[in-house]
Amino acid sequence: ATAATAAGSAGSHSDAGSAAARPWSLWASVGRLSQRGWLVVVPLLVGVAVPFVIPLLDFEYIEGLQTLLPRGDPLTETFLEVQDHFGVSQIFPNTIVVLPPNPGDVTSRGWLNASCHAMKFMASNVTEVMRAHGREAGDASLQNFAMKASDFSGLMIQGGICTSLLISLLENPLAKKYGDFLVNGFSNEDRTATKVRVKTTLDPFSTVGQKWIAAVRDAMAASEVWVSDPSFPGDTTVLGEMHLTGMAQEQMDGAADTFASLPRVIGATLLIVMAVLGSAFRSAVVPLRAVLCLSWMLLVTFGLGVLVYQHGVLQSLGIRPFLTSPDPPAHHAMYWMTPCIAFSILVGLGL
C-alpha cells in the first residue's frame, strides 16, 4: 500500500510538473473558450459574416488581357494607347460565322439579301436591348448606345449597304476572277461558311461588353430564319446557324462554364475534407467543424474581395492595388480567374 501510494504520489507530481512545464498558448486558450461558449460564438460568427455575404450578391467578373498587365508599366500604357486609337474591335475582333443550309447560298442573291436585312435587324435589336440595360443601371453612356448596320462587314453588307446585287454581278464570267477573290476573302474554300466582322465601341471584355455579346447572340438566334415580309409568314429564308466568335467570346464562355462547375467543385472539396479528417480523427464533430469554419472563411474572404476590388471601399487609402478601374462604378468587377484560384489557396491555408 505504501509503495502504491508513493507511486501515485510520484505520478501526480509528474503530471503536475508536465502541466507546469507546458507553455501557454494563445490559440489553445481561444479554442477552449470558443468550445465552452459556443452558444455565444456561433451567433457572433454569423453576425460577422453577414456584412461580407451581402456584397457577394453583387459579384461580377470581367475577362480580357488588360487585367493581367502591370498597371503603370510602359508596355501596358503602349497597349492601352494602341487600343484607344484603333479600338478594341481591331485588337480583339468579333466575328460572326454563318453556316448557310446550302453551299451555294453564300453567292445566292436571295440569301445574301435576306442575310443583309437580318444584320440590320440585329443592329436595331441590340441597340434596344443595350439602351434598356442603360436605363436599368442608370448608365448615360449606354442609354445613348447605338449599333449601326455599318458595324457589320461581310459578303452581304458593306458600310451598311446590301451588296447582294454586286456579288451576283461578279458571278458573271467576265468578272468571275474578281468575284472569286472577293468571295474567298469572306468564306471558306468549299463555300459552306462565311464570316462577318462586327465592330463595337464597347470593350467586349467588360461587364457591359458581356451584355453586348449576349444581346448579339440573342439577336442572331432570332434571325436564323428570316421572314422578309411579316404579312406573308411563308416567305422565309433559312440563313443557317450563326456563331459569334472571338477572344472575348471564348473567355466569356470559359468563365461561364467554370463558374457553373464551381459549386460542384466546392462541394466535392468539402466532402473530401470531411472524409480525410473523419478517418484521421475518428470523429464526426472535427470534420463538421472544419467544414463550417472553412465555409465561413471563404464567404468572408470573397465578400471582402468584392468590397475592396469591386466596390472600392479602400481606394481612399491611395494604395495602388486597392484602386478600382477608372470606369464608371457600375462597370467595376474582378478578373474571372481570381475566385477560382483563390478558392484552392484558401482551402489549403485553412487546413
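These legends go with close-up views of a predicted model.

**View 1. The second largest pocket and the residues around its centre.** This pocket comes out at about 1,000 Å³ in volume. Its lining runs to 24 residues, and Ser34, Val41, Leu45, Arg289 and Cys293 are the ones closest to the centre. Sorted by class, the lining is made up of 18 nonpolar, 5 polar and 1 charged residues.

**View 2. Helices that build the lining of the second largest pocket.** Three elements each put in at least two lining residues: α2 (26–36), α3 (38–56) and α12 (285–309). Which of them gives the most? That's α12, with 11 residues in the lining.

**View 3. The disulfide between cysteine 116 and cysteine 162.** Searching the whole structure turns up 1 disulfide. Here the sulfur atoms of cysteine 116 and cysteine 162 sit 1.9 Å apart, and the link is left-handed, at -85 degrees about the S-S bond. The pair ties together distant parts of the chain, 46 residues apart: cysteine 116 belongs to helix α6 (residues 109–137) and cysteine 162 to strand β5 (residues 161–162).

View 4. Cysteine 293, one of the residues closest to the centre of the second largest pocket, is partly exposed, with a relative accessible area of 47%.

Definitions and conventions: Residues are numbered from 1 along each chain as its sequence is written. This is a predicted model: local features need pLDDT of at least 70, side-chain atom pairs count only at pLDDT 80 or more; totals for chains, interfaces and linings use all residues. Side-chain values use heavy atoms; hydrogens and water are left out. On a 1 Å grid over the protein atoms alone, a cavity is a set of points where a 1.4 Å probe fits but cannot get out, and a pocket is an open set with protein on both sides within 12 Å along at least five of seven lines; lining residues have an atom within 4 Å of a point. Grid points are joined across faces, edges and corners, and a volume is the space filled by probe spheres set on the points. Helices (H or I, at least four residues) and strands (E, at least two) are DSSP runs, numbered from the N terminus. Ala, Val, Leu, Ile, Met, Phe, Trp, Tyr, Cys and Pro count as nonpolar, Asp, Glu, Lys and Arg as charged, and the others, Gly among them, as polar. A disulfide is a pair of cysteine sulfur atoms within 2.5 Å. Buried means under 20% relative accessible area, exposed over 50%, partly exposed in between (1.4 Å probe, protein chains only).
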